[in-house]
Amino acid sequence: MRIIPSPPDNSTTSLPDRRQTGPFNKGGQSKTRPIGRGIIKGGEWGFSDKNLQGSFQEKKLHFFKMESGGYMALAGIDMKTTPGEYTLTIIYNNKKIFEKNIKILPASFGLQRLTLPKEKVDLSPEILNRVGIEQARLAELWTVINEKLWNGRFIMPVNGSITSAFGVRRIINKEEKSPHSGIDIKADEGTPIAAPNNGRTALIDDQFFGGKTLVLDHGYGIYSIFHHLSKITVSEGQLVKRGEIIGNTGATGRATGPNLHWGIRLQGERINPVSIVNLEME
Ligand SMILES: [Zn+2]
């Protein structure tokens with residue numbers, strides 16, 4: 001049996017994020033990565049995803065069978081995770097077969113200062129109430145379906161430069177607000193948006209901050225969130241294929257200009273979408 005929660009001696013387990021971002025640090029390495037995948041190969045033991053269990057950061061790992069053999073589970077580390085040591089445990093037939101402490105190091109995401117019209121920042125109680133309802137509607141979505149809808153690697157939904165990186169702390173009109181939970185990709189108004197991978201449309205909404213909003217469920221707790229769209233061309237519950245056009249970019253909601261905000265949730269953890277594009281997926 002091989003358990004490979006992290007590299008470096010095996011080519012099948014590169015855990016990318018070549019960018020700075022969230023930390024999934026393996027002892028002694030300076031590279032950080034906000035998403036990790038572990039592969040277990042143990043066909044001779046008669047493994048199945050039923051008798052394989054595990055947890056990381058007290059969250060259950062969800063194993064699924066890989067076409068190339070073995071089982072894989074994905075774990076993400078939220079950008080606001082408190083640095084420290086977290087235990088990764090793998091259980092087979094109710095017996096602990098693997099345990100490792102993963103050190104999460106502090107990461108620096110940078111700082112961005114923005115000036116926005118006062119009425120878009122100093123919100124009335126009615127608007128605050130609306131924002132709360134919209135955020136709760138999103139938070140309810142992050143459940144894990146034991147179904148793998150994605151197939152192969154994730155792709156960027158539009159081509160363009162990243163104008164606001166993942167995790168940056170934001171000072172808006174001199175006041176610190178929530179850090180950036182996704183990436184903003186520069187795109188002209190009306191640019192077609194491609195589904196980064198296969199998925200099911202989980203939510204269509206019109207939000208105060210996010211404007212026209214679309215959420216795709218890719219399975220096993222992976223969700224894509226898109227904000228500021230001018231148009232959504234799919235309906236709720238619809239299955240989409242990677243590369244299929246799901247809408248068009250815009251500047252709806254609180255946007256400084258046309259761009260696509262793309263966020264990824266992995267079992268509720270906010271991770272850098274660039275890291276999932278860089279990750280070798282089955
Ligand atoms: Zn954004």
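Analyst: Helix 1 covers residues 125-139 in this predicted model. Its length checks out, because 15 residues at 1.5 Å a residue should span 21 Å, and the end C-alpha atoms are 21 Å apart. The helix is hardly covered. Of its 15 residues, the count that is buried is 0. In an α-helix there are 3.6 residues a turn, so residues three or four places apart point the same way.

Now set that helix against the whole chain. The protein chain has 2 helices and 21 strands. Buried residues make up 35% of its 282 residues. Among contacts with a separation of 6 or more, 66% join residues 24 or more positions apart.

For a buried site, turn to Leu260. This residue lies in strand 20, residues 259-266. Leu260 counts as buried because it has 25 C-beta neighbours inside 10 Å, and the cut-off for buried is 20 or more. Its contacts beyond four places in sequence are Pro157, Val158, Ile185, Ala187, Ile193, Phe226, His228 and Thr249. Asp188 is 72 residues away from Leu260 along the chain, yet their C-alpha atoms are separated by 9.3 Å.

Phe226 leads on from there. Leaving aside residues up to four places away, Phe226 touches Ile193, Thr213, Leu214, Leu260, His261 and Trp262. Phe226 belongs to the largest nonpolar core, which has 41 residues. Tyr223 and Phe226 are the residues with the most contacts inside that core. The core draws at least three residues from each of domain 1 (2-104) and domain 2 (111-277). In soluble globular proteins, nonpolar side chains tend to be buried together.

Next, the strands. Strands of a sheet pair through backbone hydrogen bonds, either parallel or antiparallel. Strand 11 and strand 12 run antiparallel and are joined by 3 bridges. Within that pair, Ile172 stands opposite Glu175 in strand 12.

The loop between strand 11 (169-172) and strand 12 (175-177) holds Asn173. Its phi is near 45°, a positive value in a residue other than glycine. Most residues other than glycine have a negative phi. Asn173 is partly exposed because 14 other C-beta atoms lie within 10 Å.

Strand 7 and strand 8 pair in the antiparallel sense over 9 bridges. Gly84 stands opposite Ile104 in strand 8. Their hairpin has 2 residues between the strands, and Asn93 there takes a positive phi near 50°. Asn93 sits in the loop between strand 7 (84-92) and strand 8 (95-104). With 12 C-beta neighbours inside 10 Å, Asn93 counts as exposed, because the cut-off for exposed is 12 or fewer.

To put the sites side by side: helix 1 has a buried count of 0. Leu260 is buried. Asn173 is partly exposed, and Asn93 is exposed.

Conventions
Residues numbered from 1 in each chain as written. Predicted model: local features only at pLDDT ≥ 70, side-chain atom pairs only at ≥ 80, totals over all residues. Helix = DSSP H or I, 4+ residues; strand = E, 2+ residues; numbered from the N terminus. Contact = placed C-beta atoms within 7 Å. Pairing = 2+ DSSP bridges. Expected span 1.5 Å × (residues − 1). Core = buried A, V, L, I, M, F, W, Y, C linked by C-beta atoms within 7 Å. Domains from an automatic or database assignment.
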